[in-house]
Amino acid sequence: MTLTVRPSLTRRDLLAAAAALATSQAFPSVASAQTPKFRRWEITDPAMPPRVLASYKAGITKMLALPPTDPRNWYRNAIVHLLDCPHGNWWFLGWHRAYLGWLEMTLRDLSGDPEFALPYWDWTKTQRVPLAMFEGVLDPNNGAFIPTFEKFKTAFEPAVTALYASFSPEQKGALALRPFPFTTPADFWQVLPQVFFNQPSARGLTATNPDLDSNTRLSVGMSTIRSALRTSRFAGSGAPGAPAGFQSAKAANHSGGSIKGILESGPHDNVHGAMGGGGDAFMISFFSPVDPIFFLHHGNLDRLWTVWTRRQTALGRPILPQGADLTAWSDEKFLFFSNAKGEPVLQNKAGDYAATDLFDYDYSPGSGDDQVPAPGPMAEASPQVFSAQVTSAAVGASTAAGGIANVPAAALGATASADTSPVVEITMNLGHDDAGRRFRVLVSAGSGSTPVAAGAITVFGHPHHGPTTFTVPLPDSLASAATGATVPLDVRVVPIGTPPRPGVAATAAAAPAPLVSAIRIRTD
């Protein structure tokens, strides 16, 4: 059986793969699959037709001009993310695939471009905001956007009241599960001042300062992407000490939190943090889709999911949850999406978005495509977990936290045959005031060795209550730096900058220090 490599797999392919794996662990042939109708281009690709950005601008302009009562209004679309988006659980990528797809269809209709598909931003290749994203309505500081919270509330308060009155009992039940109160219009307006950013601070990076910071560049670098794509399971169990998986781990519902995987902990959170200006712009909050670059960022995350799916298929591995987990994941309800006519969509379950065929698109080539191997099995490494003794828990304004784990030197060397990368999992006890905070993760292999930057942590969204676990790949250089049979691996969490603005977080003097409650090194 042979595999024809395509940039994405259809739902038919996914179901065929699942059936084949269930019976024989074989991988499916997709040679007969039809070529998708729409292509999502990388925004800096010279082959991208100029009409893509012209149509994106035209569609956004139309959405911004629609009345607040219209579900297709640009801000109404962002409200859907605020009310319903999942983060830190195994519905993270599926929900956002649906979110991008329905917006794409709306933009296609309003722009008058029947071939329009959203572009994506390959931040691994281009580690700065693409220059085009500062043009016109592609920049949220443009005059077509609402400049202040006060003007936003004046324009949208009647529409929000009507929106809440229209919610079904099932939608109200979903809102009650959100990590912060959102069950009434009063709740909505209590949260909005904390996630709305006045111009000219709607975006943290500017045309004169477009580069991602060094910590974010590490988090989107090829070594991080490689580690994420090597993750062999769709999602972890969510149990303490269990791995996150590619999608982040299981949770009771899509508003619940669990263990964040490499892709969400690294590229997702840190690009949001960099674009959010350290807590002072839309991209750091759940209202981040106000910034048009949100959709290019999440397009790249969705593209990496299609790469991971092709990789899993080539290796004969499961591409979806298995057994009862597949039913639990597939049946989760997504109740707030609207189509290009502003009507509630009929496809309201996670399983409807397991593949790309509903929206019929693929991606132009990007970073990570070379991680799809020739078809065939690959040896699996035996999982190993090593807990650190936390020696310093509080991460103050200028104080690091961390601990030491004794790890066999052999466990630090990721091998091609085992196809795995060691990671460090860091559990932090977070509160509402930690939204927007950023931390650098430093690791050293033994006493006297120079600490090496492993990655960064951004506390995306809010509020956070209790423990949140982030997954960061360990640097490849640690293996060569290790001496002896056992290495005392020293992991430090160092604050970056100051806490975010008052109103989202307390002032630096008043904000309590987040606590690191657990550190684990794992090899699976």
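I count a contact when heavy atoms come within 4.5 Å. With that set, I looked up G368: leaving out residues up to four places away in sequence, G368 touches M222, I225, L229 and V307. G368 sits in the loop between strand 2 (361–363) and strand 3 (385–387); helices (H or I, at least four residues) and strands (E, at least two) are DSSP runs numbered from the N terminus. G368 has 2% relative accessibility and so counts as buried (buried is under 20% relative accessible area, exposed over 50%, partly exposed in between, with a 1.4 Å probe and protein chains only). I also checked G368 against T124: they are 244 residues apart along the chain, yet their C-alpha atoms are separated by 9.0 Å.

Ground rules, for the record. This is a predicted model, where local features need pLDDT of at least 70 and side-chain atom pairs count only at pLDDT 80 or more, while totals for chains, interfaces and linings use all residues. Residues are numbered from 1 along each chain as its sequence is written, and side-chain values use heavy atoms, with hydrogens and water left out.

Overall tally next. I get 13 helices and 11 strands for the chain. Of its 524 residues, 59% count as buried. Among contacts with a separation of 6 or more, 77% join residues 24 or more positions apart.

Then the cores. My nonpolar core is a set of buried Ala, Val, Leu, Ile, Met, Phe, Trp, Tyr and Cys residues joined through side-chain atoms within 4.5 Å. The largest one has 111 residues, and those with the most contacts inside it include W121, F188, L192 and F287. A second, separate core of 30 residues has A405, L412, V472 and I519 among its members. Back to L192: beyond its neighbours within four places in sequence, L192 contacts L82, F149, F152 and F287.

How many aromatic pairs does a search of the whole structure find? I get 37, pairing Phe, Tyr and Trp rings (the six-membered one for Trp) with centres within 6.5 Å; planes under 30 degrees apart are stacked, over 60 edge-to-face and the rest tilted. F152 and F287 make an edge-to-face pair, 6.0 Å centre to centre with 75° between the planes. F152 is in helix 5 (residues 149–166) and F287 in the loop between helix 10 (262–275) and helix 11 (293–314), 135 residues apart. F152 is buried at 0% relative accessible area, and F287 is buried at 0% too.

Y164 and F188 are edge-to-face as well, at 6.4 Å and 70°. Y164 lies in helix 5 and F188 in helix 7 (residues 185–195), so this pair ties together parts 24 residues apart in sequence. Both Y164 and F188 are buried.

Charges over rings: I need NZ of Lys or CZ of Arg within 6 Å of the ring centre and within 35 degrees of the ring normal. R40 lies over the face of Y361, 3.7 Å from the ring centre. The charged end of R97 sits over the W305 ring, 3.7 Å from its centre.
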